[in-house]
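Biologist: Please take a close look at a single part of this model and describe it in one connected account, giving the cut-offs behind each term.

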Amino acid sequence: MITNDLRIAKYVAGLPETRLLVTGGELLGSVFTLVGEHAITFLGDYTANWAFLGADAIDPVAGITNMNTLEVPLKRAMITAAAATIVVADSSKLGRRALARIAGAELSSAAMSQLSKYSRPGNVAESREVLREVCSHNDPASSRSSSCRHRCVAA
């Protein structure tokens, strides 16, 4: 697991048999994430099967957008490092636009179709079901053994 989020790092650090890499960089104290050129360069040295990204808004035309412009280059680097990207958001984010574009409409369309199918604001159980369904249909390692351990990046 590679992450720039200190809260995710703290949680994953307690999981047995999970290798954790933290990007480094400058702390955005309000959201406990690390950003900046160091973090982007760090990600350039790794590959992952999955990128799990949070987003402030998902619009079919504007794409996946975020209010915090300092996080956008790092989220783009995560998308580049990963074979597949999952946007972690609830349906309250659908049809909205925020200040800065993370990814274009091609990625947001896939996210919107999955989210609109299952998710309502705050419904964690249904969000987990979305992840299970997306992972089972879009597994970049599906041609490998079912015991394959996935490499992930998370923001």
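**The open sheet and its helix**

Modeller: In this predicted model, 3 strands form an open sheet in the order S6-S7-S9, with antiparallel pairing; strands are DSSP runs of E with at least two residues, helices are runs of H or I with at least four, both numbered from the N terminus, and two strands pair if DSSP finds at least two bridges between them. Strand S6 (57-59) and strand S9 (100-103) are the edge strands, each pairing on one side only. From one strand to the next the twist averages 35 degrees, where axes are lines fitted to C-alpha atoms (for helices over the stretch in contact) and angles run from 0 to 180 degrees between N-to-C directions.

Between S6 and strand S7 (residues 63-66) the antiparallel pairing extends over 3 bridges, and Asp59 stands opposite Gly63 in S7. Helix H3 (residues 72-81) packs on the sheet, where it touches S7 and S9, and its direction makes about 10 degrees with that of S9; contact here means heavy atoms within 4.5 Å.

As for the setting, the protein chain has 5 helices and 10 strands, and among its contacts between residues at least 6 apart in sequence, 70% join residues at least 24 apart. Of its 155 residues, 42% are buried, that is, under 20% relative accessible area with a 1.4 Å probe, protein chains only.

Residues are numbered from 1 along each chain as its sequence is written. Local features need pLDDT of at least 70 and side-chain atom pairs count only at pLDDT 80 or more, whereas totals for chains, interfaces and linings use all residues, and side-chain values use heavy atoms, with hydrogens and water left out.

Definitions and conventions: Buried < 20%, exposed > 50% of the residue type's maximum accessible area, 1.4 Å probe, protein only.
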